[in-house]
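Biologist: Please put the structure up, and then we can go through some points in turn.

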Amino acid sequence: MALNSQRSKRLPPVRRGTIYDLYLTLSDDRLLEYDIDRLVFEARSPYQKVQIVHSKSLGNLLVLDELQNISEADLVYTETLMQRGKESYTGKEIVILGGGDGGLLWELLKEKPKSVTMLEIDDVVIKACSQYMRSICGDCLDKRKGDNYEIIVEDCAKTLAHMIEEGRQFDYVFGDLTDIPISPTPHGDAWDFIRLILNSSMKVLKSTGKYMTHGNGASCPQSLEMYEQVLSQLCVPVTFTKDSAFVPSFYEDWVFYQVSLK
């Protein structure tokens with residue numbers, strides 16, 4: 001049949017049995033083969049499988065539970081998340097939820113903020129990235145407290161709850177956590193967590209503040225629409241804008257949100 005077909009294409013075989021996984025997926029589950037040539041770091045934390053692999057085209061790449069997170073070639077991810085050149089962070093008070101790779105913290109510190117508090121649950125990620133991802137995090141993960149920043153290793157949801165009780169307010173909250181889930185409906189544990197984080201973040205924002213986060217791939221419009229529906233149902237009314245950028249290690253356009261109180 002193949003010989004008589006007017007349309008045929010010879011595809012390369014899937015390589016099996018390698019000591020590191022060459023295959024990761026796009027946000028809509030299409031399979032990608034990466035040019036990974038070595039495993040740099042691997043450990044299982046209490047929360048997830050943590051790997052740093054080396055790609056010939058991307059440099060070192062952080063992979064969490066078999067999902068690509070950030071590579072040394074992905075500065076555009078961080079700059080789009082923080083809307084560099086569009087937002088001013090000088091003298092501002094900032095919270096980062098997640099962000100254990102240190103990339104966002106490092107870039108924000110260059111903007112001379114008043115303070116940055118990073119809440120990351122996984123100490124294994126922090127230590128691995130401080131050693132093997134220094135081109136994106138610099139030396140900001142080497143110590144847990146600096147002149148204008150602090151890294152707290154704790155569940156960000158619990159810390160946010162304490163901040164709400166204390167009446168603390170911030171100019172910016174960054175949600176650098178898990179992606180928007182791919183699911184048929186906006187229900188389940190992952191969506192419940194997103195709602196919790198969003199509602200808690202709104203309660204610690206100043207009236208002029210903003211919640212900045214990443215969404216998912218532009219190839220997943222249904223999930224993005226569900227997220228926007230969730231935004232319309234928060235404890236307070238909000239408005240939002242969107243931006244997108246092609247992230248090299250994701251091999252696709254990624255969507256980012258900027259959420260403000262009405």
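The questions below concern a predicted model.

Biologist: How many bridges join strand β5 to strand β6?
Modeller: β5 covers residues 59-64 and β6 covers residues 67-71. The number of bridges that join β5 to β6 is 4.

Biologist: Which residue in the hairpin of β5 and β6 takes a positive phi?
Modeller: The hairpin has 2 residues between its strands. A positive phi near 50 degrees is found there, at Asp65.

Biologist: Is Thr78 buried or exposed?
Modeller: Thr78 sits in helix α1, residues 75-81. Leaving aside residues up to four places away in sequence, Thr78 touches Ile70, Gly103, Leu104 and Glu107. Its relative accessibility is 4%, and the cut-off is under 20%, so Thr78 counts as buried.

Biologist: What covers the buried residues of α7?
Modeller: Helix α7 spans residues 221-231, and its buried residues are Ser223, Leu224, Met226, Tyr227, Glu228, Val230 and Leu231. The cover over these buried residues includes α6 (189-204), β11 (205-217), β12 (238-247) and β13 (252-261).

Biologist: How many disulfides does a search of the whole structure find?
Modeller: A disulfide needs two cysteine sulfur atoms within 2.5 Å. The search of the whole structure finds 0 disulfides. Cys137 is in no disulfide, and the nearest cysteine sulfur to it, that of Cys140, is 5.5 Å away. For Cys235 the closest cysteine sulfur, in Cys156, is 16 Å away and too far for a bond, and the count for the whole structure is 0.

Biologist: Which is buried and which is partly exposed, Cys137 or Cys235?
Modeller: The relative accessible area of Cys137 is 0%, and that of Cys235 is 43%. Buried means under 20% and exposed means over 50%, with partly exposed in between. The buried residue is therefore Cys137, and the partly exposed one is Cys235.

Biologist: Which element gives the most to the lining of the largest pocket?
Modeller: The largest pocket holds about 1,200 Å³ of space. Elements that give two or more residues to its lining are β5, β6, α1, β8 (115-120), α6, β11 and β13. With 4 residues, the element that gives the most is β6.

Biologist: How many charged residues are in the lining of the largest pocket?
Modeller: The lining has 43 residues, and Leu64, Asn69, Leu177, Thr178 and Asp179 lie nearest the pocket centre. By class, 22 are nonpolar and 12 are polar, and the number of charged residues is 9.

Conventions. Residues are numbered from 1 along each chain as its sequence is written. This is a predicted model: local features need pLDDT of at least 70, side-chain atom pairs count only at pLDDT 80 or more; totals for chains, interfaces and linings use all residues. Side-chain values use heavy atoms; hydrogens and water are left out. Two strands pair if DSSP finds at least two bridges between them. Buried means under 20% relative accessible area, exposed over 50%, partly exposed in between (1.4 Å probe, protein chains only). Contact means heavy atoms within 4.5 Å. On a 1 Å grid over the protein atoms alone, a cavity is a set of points where a 1.4 Å probe fits but cannot get out, and a pocket is an open set with protein on both sides within 12 Å along at least five of seven lines; lining residues have an atom within 4 Å of a point. Grid points are joined across faces, edges and corners, and a volume is the space filled by probe spheres set on the points. Ala, Val, Leu, Ile, Met, Phe, Trp, Tyr, Cys and Pro count as nonpolar, Asp, Glu, Lys and Arg as charged, and the others, Gly among them, as polar.
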